[in-house]
Amino acid sequence: MNPNVRKFKIEYAQELLRLAVADLQAAKILLQGNARPESTLYHIEQVVEKSMKAVICHNRKPVPYTHDIGTLLIQLGLDLPPGGTALSDLTPFATIRRYEEGAAIIEPAEVALAIDLAEKVLRWAELKVVGLKS
């Protein structure tokens, strides 16, 4: 068994979606509260990551243990979420950027756009997993 991937019961996909919703709420609260943009973007990355992992799980594929969105995109194949390969730009916020502050200027408008994209990815995943209307 590969320690870097794991198959889950299909029901786990819905749990991942609930966790993604909670991360989206956290990101919105942080954005309004003048928090570090890196912290807000960490939660946005988590929304995207968990949404994609929910779809992977729902498709009965092994879920990679990674924060690398590029790896998750590969696992999804041709069924890419909104934002496509550009979502990989969020990966550093779940890794090295969590431990940096102010190394790059991040405008509030950029964070707001990232939240909007995370909402679209979450809706995409909900449609795939539970058939919710957008």
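Helices (H or I, at least four residues) and strands (E, at least two) are DSSP runs, numbered from the N terminus. By this rule the chain has four helices and two strands, and their order along the sequence is β-α-α-β-α-α. The model is predicted, so local features need pLDDT of at least 70 and side-chain atom pairs count only at pLDDT 80 or more, while totals for chains, interfaces and linings use all residues. Residues are numbered from 1 along each chain as its sequence is written, and side-chain values use heavy atoms, with hydrogens and water left out.

**The whole chain**

- The radius of gyration, taken over C-alpha atoms, can be set against a globule rule of 2.2 Å times the number of residues to the power 0.38.
- For 134 residues a compact globule would have a radius of gyration near 14 Å, and the chain agrees because its own value is 14 Å.
- Along the principal axes, the C-alpha atoms fill a box of roughly 40 × 35 × 25 Å.
- Of the 134 residues, 39% are buried (buried means under 20% relative accessible area, exposed over 50%, and partly exposed in between, with a 1.4 Å probe and protein chains only).
- Among contacts (heavy atoms within 4.5 Å) with a separation of 6 or more, 68% join residues 24 or more positions apart.
- The chain exposes about 7,500 Å², and carbon and sulfur atoms supply 56% of that area (accessible areas come from the Shrake-Rupley method with a 1.4 Å probe, and for residues only the protein chains shown count as cover).
- There are 16 positive and 16 negative side chains, with the centres of the two sets 10 Å apart.
- In that count Lys and Arg are positive and Asp and Glu negative, while His and the chain ends are not counted; the place of a charge is NZ of Lys, CZ of Arg, CG of Asp or CD of Glu.

- Glu49 is in helix H2 (residues 37-58).
- Glu49 counts as buried because its relative accessible area is 4%.
- The side chains of Glu49 and His67 make a polar contact at 2.9 Å.
- A polar contact is a pair of N or O atoms within 3.5 Å; within protein, one must be able to donate a hydrogen and the other to accept it, and residues adjacent in sequence count only if both atoms are side-chain atoms.
- Leaving out residues up to four places away in sequence, Glu49 touches Thr66, His67 and Leu72.
- Thr66 sits in the loop between strand S2 (63-64) and helix H3 (69-76).
- Thr66 has 22% relative accessibility and therefore counts as partly exposed.
- With residues up to four places away again set aside, Thr66 touches Glu49, Lys53, Thr71 and Leu72.
- The side chain of Thr66 also reaches the backbone nitrogen of Asp68, at 2.9 Å.
- From C-alpha to C-alpha, Thr66 and Thr91 are 9.8 Å apart in space, and they are 25 residues apart in sequence.

**Asp23 in helix H1**

- Asp23 lies in helix H1 and, at a relative accessible area of 9%, is buried.
- Its side chain makes a polar contact with the side chain of His43 at 3.1 Å.
- Beyond neighbours within four places in sequence, Asp23 is in contact with His43, Gln46, Val47 and Lys50.
- Asp23 and Lys53 are 30 residues apart along the chain, and their C-alpha atoms are separated by 14 Å.

**Ile69 in helix H3**

- Ile69 lies in helix H3 and counts as buried because its relative accessibility is 0%.
- Not counting residues up to four places away in sequence, Ile69 touches Glu45, Val48, Met52, Leu87, Ser88, Leu90 and Thr91.

**Positive phi angles**

- Most residues other than glycine have a negative phi.
- Asn34, although not a glycine, has a positive phi of about 60 degrees.
- Asn34 is found in the loop between helix H1 (12-32) and H2, and is exposed at a relative accessible area of 74%.
- Arg60 is not a glycine either, and has a positive phi of about 60 degrees.
- Arg60 is in the loop between H2 and S2, and is exposed at a relative accessible area of 56%.

**The start of the chain**

- Asn2 belongs to the segment before strand S1 (5-6) and is partly exposed, at 40% relative accessibility.
- Asn2 and Pro62 are 60 residues apart in sequence and 9.7 Å apart in space, C-alpha to C-alpha.
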